[in-house]
Amino acid sequence: HAKYVSAGPGGQFVKQTTEAYKGHSYILNQKYNFYQVHWHTPSENTINGEFFPLEAHFVHQLDDGAYLGKESLVGTLSHLAVIGVMYELSDECDPDLDLFWDAFPIDSSKARMAPSEVAVNFNDMLEDIVKDGFYHWDGSLTTPPCTEGVSWNLMKQRLKVCQRQVSRLQEALGNSQQGVTVNNRVVQP
């Protein structure tokens, strides 16, 4: 099973395994290797103008084997794809998030949390929601350097999140960002 470690209190979890391989997804019939997952509150994207309290970004990079004849893509910001998942506010908490969500460091002096032995299977979660389809567009990363040429794939089906889970991320953000409790960018036209 995988271990997850936070790169900081801002909602970014990087999947750590004993091997270098972290998993993959097929996105528009091309193999992309999983790189990391992070969350934004509120959402960075909208559906019909509606924001959501939480959005996950599963960041992937085109598999080197699929990019024959070129230098390795690993460590670059080239040929990226993001699978986005929106969360709707509910009385029900997301059980997958509950496996590790309380491990977010609330104290801003702690840049990292200890590795967790908790196994979270994001593939099962994504397989359950991908059957309802997704919105696709070519765009850019939402944080500097805002690299262009990113394949965006936003799932149409939404997951549930409770206010406790949203508040936990907001508190961690506020403590690490001088009181700013959001980490989304302005929606682009």
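Student: In which strand does His 60 lie?
Tutor: His 60 lies in strand E5. Helices (H or I, at least four residues) and strands (E, at least two) are DSSP runs, numbered from the N terminus. Please note that this is a predicted model, in which local features need pLDDT of at least 70 and side-chain atom pairs count only at pLDDT 80 or more, while totals for chains, interfaces and linings use all residues. Residues are numbered from 1 along each chain as its sequence is written, and side-chain values use heavy atoms, with hydrogens and water left out.

Student: Is His 60 buried or exposed?
Tutor: His 60 counts as buried, because its relative accessibility is 2%. Buried means under 20% relative accessible area, exposed means over 50%, and partly exposed lies in between (1.4 Å probe, protein chains only).

Student: Which side chain does His 60 join by a polar contact?
Tutor: The side chain of Ser 25, at 3.0 Å. A polar contact is a pair of N or O atoms within 3.5 Å; within protein, one must be able to donate a hydrogen and the other to accept it, and residues adjacent in sequence count only if both atoms are side-chain atoms.

Student: What else is His 60 in contact with, leaving aside neighbours within four places in sequence?
Tutor: Its contacts (heavy atoms within 4.5 Å) include Tyr 32, Phe 34, His 79 and Ile 83.

Student: Moving on to strands, how many bridges join E5 to E6?
Tutor: Eight bridges join E5 (residues 54-62) to E6, and the two run antiparallel. Two strands pair if DSSP finds at least two bridges between them. Glu 55 stands opposite Met 86 in E6.

Student: How many of the residues in E6 are buried?
Tutor: Eight of the ten residues in E6 (residues 80-89) are buried, which leaves the strand mostly covered.

Student: New topic: how many aromatic pairs are there?
Tutor: A search of the whole structure finds seven. One of them is Trp 39 with Trp 101: the ring centres are 5.2 Å apart and the planes stand at 85 degrees, so the pair is edge-to-face. Rings of Phe, Tyr and Trp (its six-membered ring) pair if their centres lie within 6.5 Å; planes under 30 degrees apart count as stacked, over 60 as edge-to-face and the rest as tilted.

Student: Why does that pair tie together parts 62 residues apart in sequence?
Tutor: Because Trp 39 lies in strand E4 (residues 30-40), while Trp 101 lies in the loop between helix H1 (95-98) and helix H2 (122-130). Trp 39 is buried, at a relative accessible area of 0%, and Trp 101 counts as buried at 0% relative accessibility.

Student: Which residues form the aromatic cluster?
Tutor: Trp 39, Phe 58, Phe 100, Trp 101 and Phe 122 form one cluster.

Student: Finally, how many helices and strands does the protein chain have?
Tutor: The protein chain has three helices and nine strands, in the order β-β-β-β-β-β-α-α-β-β-β-α along the sequence. Of its 189 residues, 43% count as buried.
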